[in-house]
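This briefing goes through selected residues, helix packing and backbone geometry. Please read it alongside the sequence and the coordinates.

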Amino acid sequence: MPFKDECGVFGISSQEEAARQTYLGLYALQHRGQEAAGMCTREGGILHQHKAPGHVADVFSASTLDSLHGDAAIGHTRYSSNGSFASHEAQPFMVYGRFGPLALCHNGNIINTELLRNKLLEDGHTFNSMSDSEVILALINTSKANNLEDAVEDALRQIIGAFSLLILSDKHLIAVKDPHGLRPLSVAKLGESSMLGEPSIVFASESCAFDLLGAEYMRELEAGEMLIQSSDGLHSRFPNKRCPAKPCVFEHVYFARPDSYVFMRNVMATRRAMGRQLAIQHPVDADVVIPVPDSGVHAALGYAEQSGIRFEFGMIRNHYVGRTFIEPKQSIRSFGVKVKLNPVKDLLHGRRVVLIDDSIVRGTTSKKIVGMVRDVGAKEVHVRISSPPTTHPCFYGIDTPTVEHLIASSKSTEEIRQFIGADSLDYINLEGLYTAMQDKGGCGFCYACFNGNYPIPRT
């Protein structure tokens with residue numbers, strides 16, 4: 001698992017059990033951020049908040065949820081894509097200002113944060129964190145606009161970067177996507193509220209959250225769209241000039257849950273298609289195809305289907321390894337990987353293995369995994385990667401290393417093969433990825449981590 005996850009956002013309106021529904025939504029989005037979780041509910045004109053470090057199930061107890069009264073809520077699962085994690089940076093952020101109580105949660109990264117923060121500091125504003133999310137909230141709260149919707153638009157015209165936002169006020173639930181639509185955000189409806197007599201509107205980073213609640217998927221927000229739910233119903237605005245949508249392809253390569261529908265595509269289907277393209281481009285004479293779980297599973301299934309080589313779960317993942325796992329004092333080779341992954345000797349011993357993973361970043365984890373497969377007696381280990389070489393860092397909310405730590409930025413495929421100790425190593429190429437994504441010409445997604453073509457100029 002080479003990348004750390006992004007953040008997940010969830011929001012719901014017109015729902016008498018908003019807190020519990022949000023808890024379930026965040027539970028479904030746990031994979032997108034495991035450092036902290038938080039929620040803000042609306043009861044009349046009052047906002048109630050709870051957030052803390054930890055997983056969703058640890059942060060929210062039954063008594064905590066009982067205290068979060070209200071018929072609307074937003075929630076967040078956090079991974080710190082911008083800087084180190086501190087507990088006071090958990091989201092949502094909340095202020096009381098000229099537009100009343102206001103809460104905001106954010107998935108993405110604002111690349112002109114420092115410039116905006118410094119200007120706000122010069123104007124006398126103070127901050128409680130280094131989060132770019134708090135800067136967005138400050139821009140809204142200090143806007144000269146006459147109403148909240150215009151103030152949000154005013155803020156959106158100043159920020160540059162990748163963002164999906166949820167904003168909760170005493171009267172509104174607002175969802176926003178950046179002008180390039182880099183980060184996912186969808187909308188659904190959930191029956192009718194028995195208390196309010198109107199359908200609940202639900203927002204989430206991924207559709208798997210809708211499935212858990214039984215909500216009916218409506219659509220993905222458009223790039224640059226601001227979708228407002230209020231007493232007047234649901235209406236849409238576009239604060240910025242329209243530009244070509246460039247959703248992040250890595251949502252389909254790695255981040256999103258395979259049962260999700262993201263950017264109007266089924267994630268599981270695209271990963272299988274990546275695996276099929278990989279088998280077409282880079283066949284190998286082997287006995288068994290195994291994935292690096294969990295993100296490599298569906299690409300491996302596609303590779304096996306296309307190649308006719310038997311698929312096996314040749315590595316088992318321990319899903320119960322916490323962030324605070326204590327390693328023994330005695331040195332154990334590859335311990336950090338071994339506690340998460342264990343090769344199945346009976347399936348691999350004496351066999352020629354095709355090992356499928358979604359990406360190679362630094363290469364150190366791949367080296368350990370290949371070594372583990374060899375240690376149980378694999379005759380050959382052929383590594384196949386379902387994305388092109390990661391040669392460029394991401395500035396849009398994904399924790400990729402700086403360019404000097406991306407092994408593919410300075411080493412050839414053959415040099416990487418030697419480093420990880422595989423008998424062969426091959427990646428799907430960009431054209432194969434375009435085909436898997438049904439993206440003719442490669443213009444429909446952001447592929448910057450593979451080709452350096454960034455849709456947003458760096459400030």
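Does Cys 208 count as buried or exposed? Cys 208 has a relative accessibility of 2%, which is under the 20% limit, so Cys 208 counts as buried. The model is a predicted one.

**Cys 208**

- Cys 208 belongs to helix 7, which covers residues 208–213.
- Leaving aside residues up to four places away in sequence, Cys 208 touches Ala 28, Leu 29, His 31, Arg 257, Asp 259 and Ser 260.
- Between the C-alpha atoms of Cys 208 and Ala 103 there is a separation of 24 Å, and the two residues are 105 residues apart along the chain.

- Helix 5 spans residues 132–141, and because 10 of its 10 residues are buried, the helix is largely enclosed by the rest of the structure.
- The buried residues of helix 5 include the charged residues Asp 132 and Glu 134, as well as Ser 133 and Asn 141.
- Val 135, Ile 136, Leu 137, Ala 138, Leu 139 and Ile 140 of helix 5 are buried too.
- The cover over these buried residues includes two helices, helix 4 (113–122) and helix 6 (148–156).
- Strand 5 (93–97), strand 6 (100–110) and strand 7 (161–169) are also among the elements that cover the buried residues of helix 5.
- The N-terminal end of helix 5 is capped by Ser 131, with a side-chain oxygen 3.0 Å from the backbone nitrogen of Ser 133.

**Helix 4 against helix 5**

- The axes of helix 4 and helix 5 are 10 Å apart and meet at an angle of about 50 degrees.
- Helix 4 and helix 5 cross in a left-handed sense.
- On the helix 4 side the contact is made by Thr 113, Leu 116, Arg 117 and Leu 120, and on the helix 5 side by Asp 132, Val 135, Ala 138 and Leu 139.
- By class, the residues in this contact of helix 4 with helix 5 are five nonpolar, one polar and two charged.

**Helix 5 against helix 6**

- Helix 5 and helix 6 pack with their axes 8 Å apart, at an angle of about 130 degrees.
- That angle makes helix 5 oblique to helix 6.
- The crossing of helix 5 and helix 6 is right-handed.
- Ile 136, Leu 139 and Ile 140 of helix 5 meet Leu 148, Ala 151, Val 152 and Ala 155 of helix 6.
- The contact of helix 5 with helix 6 is made up of seven nonpolar residues, with no polar and no charged ones.
- Leu 139 of helix 5 takes part in the contact with helix 4 and also in the contact with helix 6.

**Two further serines**

- Ser 366 is in helix 13, residues 364–375.
- The relative accessible area of Ser 366 is 12%, so Ser 366 is buried.
- Ser 366 touches Ile 360 and Ile 420, when residues up to four places away in sequence are not counted.
- Ser 231 sits in the loop that joins strand 12 (226–230) and strand 13 (233–237).
- Ser 231 is exposed because its relative accessible area is 76%, over the 50% limit.
- Ser 231 and Lys 171 are 60 residues apart in sequence, and their C-alpha atoms are 7.4 Å apart in space.

**Backbone geometry**

- Most residues other than glycine have a negative phi, and most peptide bonds are trans.
- Ser 14 is not a glycine but has a positive phi of about 55 degrees.
- Ser 14 lies in the loop between strand 1 (8–12) and helix 1 (18–28) and is buried, at a relative accessible area of 5%.
- Phe 263, also not a glycine, has a positive phi of about 55 degrees.
- Phe 263 lies in the loop between strand 14 (261–262) and strand 15 (265–266) and is buried, at a relative accessible area of 4%.
- From Gln 91 to Pro 92 the peptide bond is cis, with omega near 10 degrees, and Pro 92 is in the loop between strand 4 (72–78) and strand 5.
- From Pro 293 to Asp 294 the peptide bond is cis, with omega near 0 degrees, and Asp 294 is in the loop between strand 16 (288–291) and helix 10 (297–307).

Methods:
Residues numbered from 1 in each chain as written. Predicted model: local features only at pLDDT ≥ 70, side-chain atom pairs only at ≥ 80, totals over all residues. Heavy atoms only, no water. Helix = DSSP H or I, 4+ residues; strand = E, 2+ residues; numbered from the N terminus. Buried < 20%, exposed > 50% of the residue type's maximum accessible area, 1.4 Å probe, protein only. Contact = heavy atoms within 4.5 Å. Polar contact = N/O pair within 3.5 Å; in protein donor to acceptor, adjacent residues only side chain to side chain. Axes fitted to C-alpha atoms, helices over the stretch in contact; angles between N-to-C directions. Left-handed = near helix turned anticlockwise from the far one by under 90°. Parallel < 35°, antiparallel > 145°, perpendicular 65-115°, else oblique.
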